[in-house]
Amino acid sequence: MNQITTLTFFRYHTILTKLWGFCMMLFMLRPLSKVSGQSFFKLMGSGKEGFKITPDWGVYALLQVWNTEKEADDFFENSKIMSRFRSKTVETWSVYLKSFSAKGKWSGKQPFEKSGALCNNRKQIAVITRATIKTHMLYKFWKYVPTSQAPLSLSDGLLFTKGVGEAPVFQMATFSVWRDKEALMEYAYKSPEHKEAIIKTKKFAWYKEELFSRFQPFKSLGTWGGKDPLNNTD
């Protein structure tokens, strides 16, 4: 399959541009729904310091699934939508992704098809997790989040991470990029805190809907924090 996914992060600086970014969560939905070559998209807000319940009003994200890489390139190079976003932001970063495994659904769909063009020489791995939390489980879920996320700060194999979501509190997602599969597995299955989170997820059935997907990142546009997270060797 030729399908690819892109995830773009937008950083706003002033109060007025942050307000503009917030308003686009509603007003940009219709224009985005008409983008050619796109089979799925989600415009999302974000949480502070990676994955907190408190909003980060200065950062928003746009997830898009494309029929081909060429159509994605055309959007980023020629789209008036992207021009408008860039005119209001102080920084944008877009990462191109090829899916190689996905389980679950997002808004009732499985948007990610396994790519038939993965590169064996690329070791970096990106992960998207997404869930709609059951109302009566919100307190238990968010209470444990700081504990489960704590080991992230200790992982030298983590290149980038950010918590995002379509709606505050109820609908959340995480995006992370790792140096290689070994670094991801070290965090996911050897960290006591994250292992406990997996157990609690099964025990309490926190989610109405959930999705877990892995990707091969293969191209990057722009910067984040002044650097390209895919090629940051500092």
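A crossing of two helices is right-handed if the near helix is turned clockwise from the far one by less than a right angle. The views below show a predicted model.

**View 1. Helices H3 and H4 cross in a right-handed sense.** Helix H3 spans residues 69–78 and helix H4 spans residues 80–88. Their axes come within 6 Å and cross at roughly 50 degrees, which makes H3 oblique to H4. H3 contributes Phe75, Phe76 and Asn78 to the contact, while H4 contributes Lys80, Ile81, Met82 and Arg86. Sorted by class, this contact of H3 with H4 holds four nonpolar residues, one polar residue and two charged residues.

**View 2. Helix H1 packs with helix H4.** H1 covers residues 15–27, and its axis lies 10 Å from that of H4, at an angle of about 150 degrees. Angles over 145 degrees count as roughly antiparallel, and H1 and H4 are therefore roughly antiparallel to each other. On the H1 side, Thr17, Trp20 and Met24 take part, meeting Arg84, Phe85 and Lys88 of H4. The contact of H1 with H4 comprises three nonpolar, one polar and two charged residues.

**View 3. The segment of residues 12–29 is annotated in UniProt as "transmembrane region".** The annotation comes from an unreviewed entry. In the model, the chain over residues 12–29 is 78% helix and 0% strand.

**View 4. Eight strands close into a barrel.** The order of the strands is S1-S3-S2-S6-S7-S5-S8-S4, and the pairing is antiparallel. From one strand to the next, the twist averages 30 degrees.

**View 5. Strand S8 pairs with strands S4 and S5.** Strand S8 is formed by residues 207–222 and strand S4 by residues 91–104. These two strands run antiparallel and are joined by 11 bridges. Within this pair, Ser101 stands opposite Arg214 of S8. Strand S5, residues 125–133, also runs antiparallel to S8, with eight bridges joining the two. Here Ala131 is placed opposite Glu210 in S8.

**View 6. Strands S6 and S7 form an antiparallel pair.** S6 consists of residues 158–167 and S7 of residues 171–178. Seven bridges join the two strands. Opposite Thr174 in S7 stands Gly163. Strands of a sheet pair through backbone hydrogen bonds, either parallel or antiparallel.

Technical notes. Residues are numbered from 1 along each chain as its sequence is written. This is a predicted model: local features need pLDDT of at least 70, side-chain atom pairs count only at pLDDT 80 or more; totals for chains, interfaces and linings use all residues. Side-chain values use heavy atoms; hydrogens and water are left out. Axes are lines fitted to C-alpha atoms, for helices over the stretch in contact, and angles run from 0 to 180 degrees between N-to-C directions. Helices (H or I, at least four residues) and strands (E, at least two) are DSSP runs, numbered from the N terminus. Angles under 35 degrees count as roughly parallel, over 145 as roughly antiparallel, 65 to 115 as roughly perpendicular and the rest as oblique. Contact means heavy atoms within 4.5 Å. Ala, Val, Leu, Ile, Met, Phe, Trp, Tyr, Cys and Pro count as nonpolar, Asp, Glu, Lys and Arg as charged, and the others, Gly among them, as polar. UniProt positions are given in the numbering used here, feature names are shortened, and annotations may be inferred rather than shown by experiment. Two strands pair if DSSP finds at least two bridges between them.
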